[in-house]
Amino acid sequence: HHRDYSNNKGVPSLYARVVHIADDYDILTRNRPGMGPILAPPDAISRMASQAGKAYDPVLLQIFINTMGPFPPGSMLKLADGSLVVTASAVRDDSLFDKPLARLVRDGQGEMAPPDTIIDLAEAPDIVKIIRPTG
């Protein structure tokens with residue numbers, strides 16, 4: 001499943017193409033002890049999209065992107081009011097493609113939010129920044 005889509009040995013099996021997308025996404029976003037992930041989920045999606053038709057089956061990758069959305073689960077975002085959230089859902093509906101549900105981490109005043117406080121980004125202040133891993 002690690003053979004690129006455009007490999008001269010022929011197109012890998014459907015199973016291999018699906019696993020290749022899932023495995024690479026996991027590798028790019030997996031939290032490593034003491035280091036964190038290589039990329040934020042939105043950046044991993046973007047990097048993979050740039051390889052559609054080369055490393056990845058373009059149709060399967062588009063299905064993956066359409067399912068995950070621009071802010072896949074686990075994306076840390078800053079909102080216009082200063083709140084920090086971590087996305088908790090993938091795409092719920094076509095009209096809400098860029099508005100997942102999210103867990104509030106800190107409110108606009110910097111106070112820790114009660115555990116499991118879920119907000120709908122369709123009804124929240126605008127997203128102003130993706131918080132990217134440092135390390």
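## Aromatic pair

Phe-64 has a relative accessibility of 19% and therefore counts as buried, the cut-off for that class being under 20%. Tyr-25, at 10% relative accessibility, likewise counts as buried. The model described here is a predicted one.

These two residues make up the one aromatic pair found in a search of the whole structure. Their ring centres lie 5.3 Å apart and the ring planes stand at 70 degrees, so the arrangement is edge-to-face; planes over 60 degrees apart fall in that class.

## Salt bridges

Four salt bridges are present in the structure. One of them joins the side chains of Arg-30 and Asp-26, with an N to O distance of 2.3 Å. Arg-30 is partly exposed, its relative accessible area being 38%. Asp-26 is also partly exposed, with a value of 33%.

Another salt bridge is formed by Arg-132 with Asp-43, where the closest N and O atoms are 2.6 Å apart. Arg-132 is located in the segment after β5 (127-131), whereas Asp-43 is in helix α2 (residues 41-49), so this contact ties together parts that are 89 residues apart in sequence. The two partners fall into separate accessibility classes: Arg-132 is partly exposed at 45%, while Asp-43 is buried at 18%.

The side chains of Arg-92 and Asp-120 also meet in a salt bridge, at 2.8 Å from N to O. Arg-92 sits in the loop between β2 (84-87) and β3 (101-106), and Asp-120 in strand β4 (residues 118-120); the pair therefore ties together parts 28 residues apart in sequence. With a relative accessible area of 33%, Arg-92 is partly exposed.

Helix α1 contains Arg-17. The relative accessibility of Arg-17 is 19%, which places this residue in the buried class, as the limit is under 20%. The side chain of Arg-17 is joined to that of Asp-57 by a polar contact of 2.5 Å.

## Packing of helices α2 and α3

Helices α2 and α3 pack at an angle of about 160 degrees, and their axes are 11 Å apart. This makes α2 roughly antiparallel to α3, because angles over 145 degrees are assigned to that class. The crossing of α2 past α3 is left-handed.

## Backbone geometry at Asp-116

Asp-116 is not a glycine, yet this residue has a positive phi of about 65 degrees. The position of Asp-116 is in the loop between β3 and β4. At 64% relative accessibility, Asp-116 counts as exposed, since the exposed class begins over 50%.

Notes: Residues numbered from 1 in each chain as written. Predicted model: local features only at pLDDT ≥ 70, side-chain atom pairs only at ≥ 80, totals over all residues. Heavy atoms only, no water. Buried < 20%, exposed > 50% of the residue type's maximum accessible area, 1.4 Å probe, protein only. Helix = DSSP H or I, 4+ residues; strand = E, 2+ residues; numbered from the N terminus. Phe/Tyr/Trp six-rings, centres within 6.5 Å; stacked < 30°, edge-to-face > 60°. Polar contact = N/O pair within 3.5 Å; in protein donor to acceptor, adjacent residues only side chain to side chain. Axes fitted to C-alpha atoms, helices over the stretch in contact; angles between N-to-C directions. Parallel < 35°, antiparallel > 145°, perpendicular 65-115°, else oblique. Left-handed = near helix turned anticlockwise from the far one by under 90°.
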